[in-house]
Amino acid sequence: MKKSLPSLARPSAAAFVTQAMASSVIAAVSFGHLLNDMMQSLLLSIYPILKSSYALSFAQLGWLTLAYQLTASLLQPVAGWYADRRAVPYSLPAGTLFTATGVMILAIGHAYALLLIGACLLGVGSSVFHPESSRVTRLAAGDQPGLAQSLFQVGGNAGSALGPLCAAIVVTRWGQRSLLAFAAVTLLSAVALWHVGGWYKHRLAMKPRAVVVGSAPAGGLSRRLRVRGIWILLVLIFSKYAYTATLTSYYTFYLIDRFHLSLSEAQVRLFVFLAALACGTLLGGPLGDRFGRDRVIRFSVFGALPLTLLLPYANLYWNGPLTVAIGLVMAASFPAIVVFGQELLPGRVGTVSGLLFGFAFGAASLSAALMGRVADAVGVGPVYAIGAFLPLLGAVTLFLPNPEAGPEHGVSRRVSAFATSRRVSK
């Protein structure tokens, strides 16, 4: 009997259908992320309107940011931990509806306490949405987790960028109650995410749980090195999100105060910066898949620092290019950070995602509140001179372990190689 030759047939039609379905799931989750984060970014975008309508101080605006982001930061790790133990497929549309409720309260709120409640509900929606959606993205990613994570995150960044633009076009013209129209838009997201929840539930029924929630192995790294790697990622996230929160929370006030721009002009410039964050996020994941996530992370740290140091001293002409470059470089690392963390702790996608996303929100909230105090005391300008040094904390990325390099890794591996070369030369 003749031996059959190896099959060179093209992938089956079923494989194409499965890949197309996974791509549509990633697209739907990214679209939901876009609408979810667009609603949340409206809070920052309407700060000038709230400040004038309710006679709020910068510190009170900082507390609004704290209420929103601290709620999200505290609940997200818990939601991720729970999702790793018991998946909740339909939590995605539920998170979006929490966000819609928060926006509605912001639209009709007539007191500062109601604004705080609305901000807290935005945080709850974020904490419910992000960990489970990150798990779904990882499940549908196949062998390109960085690209899938970028597509997921760029939806959120695009939504954050659209928020100020929508505020400039709609809210500044028709007032605070026009936010009700944006809350209605979230119904589109809820419908799309309901179908994603059905797909996710079907996959859970088809595959063992270990396969569904697993991720790439972490090489030969010990538990101590993995935990140290997570701590380093948290420090890096703090440096990045503390800076970006400072920039986004008070950027419109900075432009109006220093360069005498109108509110609409300042919000358009904020949109440009947030759009740069979205583009950087889209690039960061595929670059991490191709060149290594640790390299992308280190480039983001040391590439952004000179730019942030220059920004407080730039004139209006250079302010735009510098903020665009900062957004592109700083945002490129976050998809790599999330996938890197998932690879350090395989099988805990929800926990890692909830921890990283939650800590990002917490870092942003605390820095926004503290910088609000600084702005009240000495003005908005010094806030950017002080915050410019925050990316310097990211230098700890030199000590990141490499999941693919075994026990010797990072700086220790390079120091060992240098010492060996010195002994040989002698």
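Let's start with a term: a nonpolar core is a set of buried Ala, Val, Leu, Ile, Met, Phe, Trp, Tyr and Cys residues joined through side-chain atoms within 4.5 Å. Buried means under 20% relative accessible area, exposed means over 50%, and partly exposed is in between (1.4 Å probe, protein chains only).

Some housekeeping before you click. What you have is a predicted model, in which local features need pLDDT of at least 70, side-chain atom pairs count only at pLDDT 80 or more, and totals for chains, interfaces and linings use all residues. Residues are numbered from 1 along each chain as its sequence is written, and side-chain values use heavy atoms, with hydrogens and water left out.

**Stop 1: the whole chain**

Switch to cartoon view and you'll see 16 helices and zero strands. Helices (H or I, at least four residues) and strands (E, at least two) are DSSP runs, numbered from the N terminus. The chain has 426 residues, and 54% of them are buried. Contact here means heavy atoms within 4.5 Å. Of the contacts between residues at least 6 apart in sequence, 84% join residues at least 24 apart.

**Stop 2: the nonpolar cores**

Select Leu64, Leu179, Phe182, Tyr250, Val380 and Tyr384: these have the most contacts inside the largest nonpolar core, which has 62 residues. Helix H9 (residues 223-259) supplies the largest share of this core, nine residues. Apart from it lies another core, of 40 residues, and Ala87, Leu234, Ala336 and Ile337 are among them.

Now zoom in on leucine 179. Which residues is it in contact with, leaving aside neighbours within four places in sequence? Show Leu42, Ile46, Val103, Leu106, Ala107 and Val171 to see them.

**Stop 3: helix H4**

Select residues 91-108 for helix H4, which has 18 residues. From first C-alpha to last it reaches 26 Å, close to the 26 Å expected at 1.5 Å a residue; the expected span is 1.5 Å times one less than the number of residues. Its buried residues include Leu92, Pro93, Gly95, Val103 and Ile105.

Pick threonine 96 in this helix. At 0% relative accessibility, threonine 96 counts as buried. Not counting residues up to four places away in sequence, threonine 96 touches Asn36, Phe129, Thr186, Ser189, Ala190 and Leu193.

**Stop 4: the cavities**

How many cavities of 30 Å³ or more does a search of the whole structure find? There are two. On a 1 Å grid over the protein atoms alone, a cavity is a set of points where a 1.4 Å probe fits but cannot get out, and lining residues have an atom within 4 Å of a point. Points are joined across faces, edges and corners, and a volume is the space filled by probe spheres set on the points.

The largest cavity has a volume of about 690 Å³. Its lining has 34 residues, and to find the centre, select Asn157, Ser160, Tyr241, Thr244 and Leu277, which lie nearest to it. Several elements give two or more residues to this lining, including H3, helix H6 (145-174), helix H12 (316-331) and helix H14 (349-378). H1 gives the most, with seven residues. Colour the lining by class and you get 16 nonpolar, 16 polar and two charged residues. (Ala, Val, Leu, Ile, Met, Phe, Trp, Tyr, Cys and Pro count as nonpolar, Asp, Glu, Lys and Arg as charged, and the others, Gly among them, as polar.)

**Stop 5: asparagine 319**

Jump to asparagine 319 in helix H12. It is buried, with a relative accessible area of 0%. Beyond residues up to four places away in sequence, asparagine 319 touches Tyr251, Tyr254, Leu255, Phe259, Arg269, Leu311 and Ala314.

**Stop 6**

Most residues other than glycine have a negative phi. Alanine 55 has a positive phi of about 55 degrees. You'll find alanine 55 in the loop between helix H2 (47-54) and helix H3 (58-85), exposed at a relative accessible area of 66%. Next, go to histidine 260, where phi is near 60 degrees. Histidine 260 sits in the loop between H9 and helix H10 (263-291) and counts as exposed, at 66% relative accessibility.

**Stop 7: two distances to draw**

Draw a C-alpha to C-alpha line from alanine 377 to alanine 59: they are 318 residues apart in sequence and 9.8 Å apart in space. Alanine 377 lies in helix H14 and is exposed, with a relative accessible area of 62%.

Leucine 204 is in helix H7 (residues 179-206) and is partly exposed, at 23% relative accessible area.

Notes
1 Å grid on protein atoms, 1.4 Å probe; cavity = no way out; pocket = protein on both sides within 12 Å on 5 of 7 lines; lining within 4 Å.
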